[in-house]
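Good morning, and thank you for making time for this item. Please look at the sequence and the structure as I bring them up.

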Amino acid sequence: MATIHDLVLAHIDNKPAFYARIEEITPDVKPGWWKVRLLVLTVPLQVYTWILDESQVNGAPFTMGETPIMLEKVVPPEPPQKPLTPVHKGGGKKDNVVSLFDRKKS
């Protein structure tokens, strides 16, 4: 289930529309329904509150005013597993790595 602080992609009319972060999920007055506050990652930022049941929060399609909508939880990709390039100190030019810490000292 998507939960607080998860990133979701909202599909509107069966097309990706916007990314949002779930800010808060609180129970609605109707049993089994939730008020889901979304921070919509647009410029400027917007906040939407949608009342959804648990299946809709989990990605089941639904409609608003006959418009198909679906929330898809976004799972960030894992960074590639590669060894870190060592930073060599001294005058020899061994790698193309520049230490920002050393640059700040000068």
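This is a predicted model: local features need pLDDT of at least 70, side-chain atom pairs count only at pLDDT 80 or more; totals for chains, interfaces and linings use all residues.

Let me begin at Leu45, which is exposed, with a relative accessible area of 55%. Leu45 sits in the loop that runs between strand S3 (33-40) and strand S4 (46-53). Together with Leu7, Tyr19 and Leu41, Leu45 makes a nonpolar surface patch of about 370 Å².

Of its 106 residues, 23% are buried. There are 2 helices and 6 strands, and along the sequence they follow the pattern β-β-β-β-α-β-β-α. If we take the contacts between residues at least 6 apart in sequence, 24% of them join residues at least 24 apart.

I turn now to the aromatic residues. A pair of aromatic rings is described by the distance of the centres and the angle of the planes. How many aromatic pairs does the structure hold? It holds 4. One of them is formed by Phe18 and Tyr48, in an edge-to-face arrangement with 5.8 Å centre to centre and 90 degrees between the planes. Phe18 belongs to strand S2 (residues 15-27) and Tyr48 to strand S4, so this pair ties together parts that are 30 residues apart in sequence.

Are these two side chains buried or exposed? Phe18 counts as buried, because its relative accessible area is 12%, under the 20% limit for that class. Tyr48, at 26%, is partly exposed.

Phe18 also forms an edge-to-face pair with Trp50, at 6.4 Å centre to centre and 70 degrees between the planes. Here again distant parts of the chain are linked, with Phe18 in strand S2 and Trp50 in strand S4, 32 residues apart. Trp50 counts as buried, at 10% relative accessibility. Ring pairs join Phe18, Tyr48, Trp50 and Phe62 into a cluster.

The charged end of Lys30 sits over the ring of Trp33, at 4.3 Å from the ring centre.

Next, the salt bridges. Side chains of opposite charge can pair when their charged atoms come close. The count for this model comes to 3 salt bridges.

In one of them, the side chains of Lys73 and Asp6 meet, at 3.5 Å from N to O. Which parts of the chain does this pair tie together? Lys73 lies in strand S6 (residues 67-73) and Asp6 in the segment before S1, so the pair connects parts that are 67 residues apart in sequence. The two partners fall into separate classes of accessibility: Asp6 is buried, with a relative accessible area of 16%, whereas Lys73 is partly exposed, at 43%.

Another salt bridge joins Arg21 and Glu23, and their closest N and O atoms are 2.5 Å apart. Arg21 is partly exposed, with a relative accessible area of 34%.

A further bridge is formed by the side chains of Glu24 and Arg37, at 3.4 Å from N to O. Glu24 lies in strand S2 and Arg37 in strand S3, so this pair ties together parts that are 13 residues apart in sequence. Glu24 is partly exposed, with a relative accessible area of 33%, and Arg37 is partly exposed too, at 31% relative accessibility.

My last stop is Asp13. Where does Asp13 lie? Asp13 is found in the loop between strand S1 (7-12) and S2. This residue is partly exposed, with a relative accessible area of 43%. Setting aside residues up to four places away in sequence, Asp13 touches Thr67 and Pro68.

One is the cluster in which ring pairs link Phe18, Tyr48, Trp50 and Phe62. The other is the nonpolar surface patch made by Leu7, Tyr19, Leu41 and Leu45, the place where this talk began. Thank you for your attention.

How values were computed
Residues are numbered from 1 along each chain as its sequence is written. Side-chain values use heavy atoms; hydrogens and water are left out. Patches are made of residues with over 30% relative accessible area and no salt bridge: like charges are joined within 9 Å, nonpolar side chains (Val, Leu, Ile, Met, Phe, Trp, Tyr) within 5 Å. Accessible areas come from the Shrake-Rupley method with a 1.4 Å probe; for residues, only the protein chains shown count as cover. A salt bridge is a side-chain nitrogen of Lys or Arg within 4 Å of a carboxyl oxygen of Asp or Glu. Helices (H or I, at least four residues) and strands (E, at least two) are DSSP runs, numbered from the N terminus. Buried means under 20% relative accessible area, exposed over 50%, partly exposed in between (1.4 Å probe, protein chains only). Contact means heavy atoms within 4.5 Å. Rings of Phe, Tyr and Trp (its six-membered ring) pair if their centres lie within 6.5 Å; planes under 30 degrees apart count as stacked, over 60 as edge-to-face and the rest as tilted. A charge sits over a ring if NZ of Lys or CZ of Arg is within 6 Å of the ring centre and within 35 degrees of the ring normal.
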